Amino acid sequence: GCIDDHVAGIKQLAERYPYMDLDRVGISSLGGGTGAVQGLLQYPEFFKVGVHGMLHDSRLMAASMWSDKYEGLTGPDPAHQYPEAYAENLQGKLLLTNGMLDFATIPATTFRLIEALQKANKDFDLIMLPSQGHEYSSYVIRRSWDYLIKHLQNLEPQTEFRLSKTV
C-alpha cells in the first residue's frame, strides 16, 4: 500500500542522506484519508508521531462516492482492515482532529477510532472543532505543527503563535 511506499522511500533517502534521523519520523495527514493513523498503527516501530485530521471511512455517508476506487464495487476484500482493528499497535504520539460539522469525513469515524484506542488503553490527543466542517483552520495547522515540533524535536513551540491567511 501507500504507507509501505512511504516507509521504503524514507529509508532509501536516509541511506543517501545520513543526516536524516530515522528515530524521529513523523507523519501528518490533515486532509482526510487514513495516512497518519495507518502509519502509526501499521508501522509503530517506524513512525513516532502522527497528526491526523478528517479520518475517512468508505463505509459511511459521503465517502460512498469514492469507495469503489479503493475497495471495489462490493466493498473491501476480507483481508482489508479499518484503522480501529490495529488500535492495540499504537506506540507513538497521536493527535486526532475533526470538525463536528464535517459532511465528508463525519466525526463518527474518529469516534470509532477513539473508542478502539480507549479499549486498547492507548494514550492519544484530540481536538474536536464544534463549528468546523470539511476545511482546515489556521488553529488546527498551528496545533499540528506544534505537536510535531514538541514530540519530534523535543522543543517547546512558541505559545499561541498566530498564523494569518493571505487573500
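The accessible surface of the protein chain comes to about 10000 Å², and carbon and sulfur atoms hold 52% of that area. The model is predicted. Of the 167 residues in the protein chain, 40% are buried.

The chain contains five helices and four strands. Following the sequence, these elements come in the order α-β-α-β-α-β-α-β-α. Among contacts in the protein chain with a separation of 6 or more, 61% are between residues 24 or more positions apart.

Threonine 105 sits in the loop between strand 3 (93–99) and helix 4 (107–119). Is threonine 105 buried or exposed? Its relative accessibility is 2%, so threonine 105 counts as buried, the cut-off for buried being under 20%. Apart from neighbours within four places in sequence, threonine 105 is in contact with Met54, Leu55, His56, Asn98 and His134. With histidine 134, the side chain of threonine 105 makes a polar contact of 3.4 Å.

Next come the aromatic rings. A pair of aromatic rings is described by the distance of the centres and the angle of the planes. The whole structure holds two aromatic pairs. Tyrosine 17 and tyrosine 19 form a tilted pair, with 5.8 Å from centre to centre and 50° between the planes. Tyrosine 17 counts as partly exposed because its relative accessibility is 32%, while tyrosine 19, at 67%, is exposed. Phenylalanine 46 and phenylalanine 47 form an edge-to-face pair, with 5.0 Å from centre to centre and 90° between the planes. Phenylalanine 46 is buried, with a relative accessible area of 6%, and phenylalanine 47 is buried as well, with 2%.

How values were computed
Residues numbered from 1 in each chain as written. Predicted model: local features only at pLDDT ≥ 70, side-chain atom pairs only at ≥ 80, totals over all residues. Heavy atoms only, no water. Helix = DSSP H or I, 4+ residues; strand = E, 2+ residues; numbered from the N terminus. Buried < 20%, exposed > 50% of the residue type's maximum accessible area, 1.4 Å probe, protein only. Contact = heavy atoms within 4.5 Å. Areas by Shrake-Rupley, 256 points an atom, 1.4 Å probe, with all protein chains shown as cover. Polar contact = N/O pair within 3.5 Å; in protein donor to acceptor, adjacent residues only side chain to side chain. Phe/Tyr/Trp six-rings, centres within 6.5 Å; stacked < 30°, edge-to-face > 60°.
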